[in-house]
2 protein chains.
Amino acid sequence: MDKLYEQTLLYDFYGELLTDHQKQIYEEVVMNDYSLSEVAREYDISRQGVHDLIRRIDKSLEEYEEKLHLVRRFLEIKNKIEKIHSLTDSPEITRLTEEILEDL
Amino acid sequence: MDKLYEQTLLYDFYGELLTDHQKQIYEEVVMNDYSLSEVAREYDISRQGVHDLIRRIDKSLEEYEEKLHLVRRFLEIKNKIEKIHSLTDSPEITRLTEEILEDL
């Protein structure tokens, strides 16, 4: 799995368990692709400080996944829903699978 | 939703975020239906202590759900999968929906 895609999925599932400060920094660097130096200046911390913070957040998101496996469960379900979507001729089942894929 | 069903779902999703001690007590009282007095004797704490512990664990499981909404998301998906299951004639889609319902 692509690193950014994995980070985005983990953040989508477990981000709300982070502090507001952690969320802000993580979004700036990982989601919005600001440089470490830019974020360091904005928050008045060192570039190394931002770097370490991101690494610690990645680790803590990964630990949530090791405990709860929710991303893995969702991906397995998504895969099966996509199969159903490609197999069905029924407009109603098509609509339901599309709704589920939006929820996921 | 039935209280025990709700507790079981929340515990199933977020239980791994509790400490081993919390998990043991919660399972004894909520899942295995031992009395507060029995569990109090077993762990050498007061009956009131067990009662308070269970209340705190319920609260912390509810807080995880308020933040992550994973139980709600899973229930919505389950509901739609059951609709697909009842609508389809295809053996392959039936099999896939049954697999998903087992995963959920």
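The C-alpha centres of domain 1 and domain 2 of chain A lie 29 Å apart. Domain 1 covers 1-68 and domain 2 covers 69-104, with bounds taken from an automatic or database domain assignment. This is a predicted model, in which local features need pLDDT of at least 70, side-chain atom pairs count only at pLDDT 80 or more, and totals for chains, interfaces and linings use all residues. Residues are numbered from 1 along each chain as its sequence is written, while chains are lettered from A and ligands numbered from 1 in the order in which they are written.

**How the two chains meet**

- The contact takes 20 residues from chain B and 20 residues from chain A, where two residues are in contact if their C-beta atoms, placed from the backbone, lie within 7 Å.
- On the side of chain B that touches chain A, α4, α5 and α6 (91-103) each supply at least two residues, and the largest share, 8 residues, comes from α5(B).
- By class, that side of chain B has 9 nonpolar, 2 polar and 9 charged residues; here Ala, Val, Leu, Ile, Met, Phe, Trp, Tyr, Cys and Pro count as nonpolar, Asp, Glu, Lys and Arg as charged, and the others, Gly among them, as polar.
- The copies meet through the same surface, because 100% of the interface residues of chain B are also interface residues in chain A.

**Helix α1 of chain B**

- Helices are DSSP runs of H or I with at least four residues, numbered from the N terminus.
- The 12 residues of α1(B) (residues 3-14) should span 16 Å at 1.5 Å a residue, and the end C-alpha atoms are 16 Å apart, which agrees; the expected span is 1.5 Å times one less than the number of residues.

**Helix α2 of chain A**

- Ile25(A), Tyr26(A) and Val29(A) are buried in α2(A), and they cover an arc of only 100° around the axis, which puts them on the same side of the helix.
- The buried residues of α2(A) pack against α1 (3-14), α3 (36-43) and α4 (47-68) of chain A.
- Gln22(A) also sits in α2(A), but counts as partly exposed, with 17 C-beta neighbours inside 10 Å.
- Gln22(A) and Ile54(A) are 32 residues apart in sequence, yet 8.2 Å apart in space, C-alpha to C-alpha.

**Backbone angles to look at**

- Most residues other than glycine have a negative phi.
- After α2(A) comes Asp33(A), with a positive phi near 60°.
- His69(A) has a positive phi of about 50° and lies in the loop between α4 and α5 of chain A.
- For His69(B), phi is positive too, near 55°, and this residue is exposed, with 12 other C-beta atoms within 10 Å.

Note on methods. A residue is buried if 20 or more other C-beta atoms lie within 10 Å of its own, exposed if 12 or fewer, and partly exposed in between; C-beta atoms are placed from the backbone. The arc is that of the directions from the helix axis to the C-beta atoms.
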